[in-house]
Amino acid sequence: MAESGVNPTAAALLGLLHDGPMTGGQLMAAAERRLAPYWSMTRSQVYRELPVLAEKGLVRLGRPGPRMSQPYALTAAGKRTFSRWLAENPGKDTIRNPIALRMAFGGLHSSSQLKNLYASANEYHTEALAAVREQVKNAKKEGDSYDASALEFAVAYHKAALSWLKTAPVG
């Protein structure tokens with residue numbers, strides 16, 4: 001664990017809570033909307049981290065709402081912890097690409113399996129590229145140059161993946 005005592009998922013939740021109190025579901029939606037093009041979080045991760053953050057005093061629970069949904073609010077300690085996390089060395093990237101993993105074992109695929117794999121990946125990256133370009137445009141329109149810059153990483157990633165797929169051996 002880093003000096004701040006929080007992992008990247010917990011830090012992302014603290015960062016999102018700077019926008020105001022949110023329930024776990026609202027945090028999940030905010031993460032999907034803002035971070036998904038370059039950072040994945042699962043519902044189970046979110047709901048696992050929230051009680052830990054509350055126990056550490058980094059967030060506080062609000063009054064239960066409809067269907068017993070529990071809003072969480074950032075505390076002063078949570079803001080300080082997030083600031084410390086921002087100042088830490090981010091460490092090394094972790095690359096986990098399911099297409100590259102399958103390609104590594106491409107010699108064990110049939111030619112038609114590989115073609116289908118590449119076609120599916122091409123379709124995904126083409127659609128994702130269009131979607132994230134729209135997000136960049138909206139972030140720029142809203143004047144959020146930091147969000148736009150982070151999203152540009154996802155644009156470059158999807159472009160690189162599409163370029164790489166063009167060179168993939170078919171068997």
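Mentor: Two residues are in contact when heavy atoms lie within 4.5 Å. Helices (H or I, at least four residues) and strands (E, at least two) are DSSP runs, numbered from the N terminus. The model is predicted: local features need pLDDT of at least 70 and side-chain atom pairs count only at pLDDT 80 or more, while totals for chains, interfaces and linings use all residues. Residues are numbered from 1 along each chain as its sequence is written, and side-chain values use heavy atoms, with hydrogens and water left out.

Just beyond the helix, Gly 143 adopts a positive phi of about 80 degrees.

Burial is judged by relative accessible area (buried under 20%, exposed over 50%, partly exposed in between; 1.4 Å probe, protein chains only). On α6 the buried residues are Leu 114, Leu 117, Tyr 118, Ala 121, His 125, Ala 128, Leu 129, Val 132, Val 136 and Ala 139. Their cover includes α5 (98–104) and α7 (145–166). Across the protein, buried residues make up 35% of the 171 residues.

Now for the wider setting. The protein has seven helices and two strands, in the order α-α-α-β-β-α-α-α-α along the sequence. Its C-alpha atoms fill a box of roughly 60 × 40 × 35 Å, taken along the principal axes. Of the contacts between residues at least 6 apart in sequence, 56% join residues at least 24 apart.

An automatic or database domain assignment supplies the domain bounds: domain 1 covers 8–87 and domain 2 covers 98–167. The C-alpha centres of the two domains lie 28 Å apart. Four residues of domain 1 are in contact with seven residues of domain 2.

For a second example of helix packing, consider α1 (residues 8–16) and α3 (residues 43–55), which pack at an angle of about 75 degrees with their axes 10 Å apart. Axes here are lines fitted to C-alpha atoms, for helices over the stretch in contact, and angles run from 0 to 180 degrees between N-to-C directions. The contact is made by Thr 9, Ala 10, Leu 13 and Leu 14 of α1 with Gln 45, Val 46, Glu 49, Leu 50 and Leu 53 of α3.
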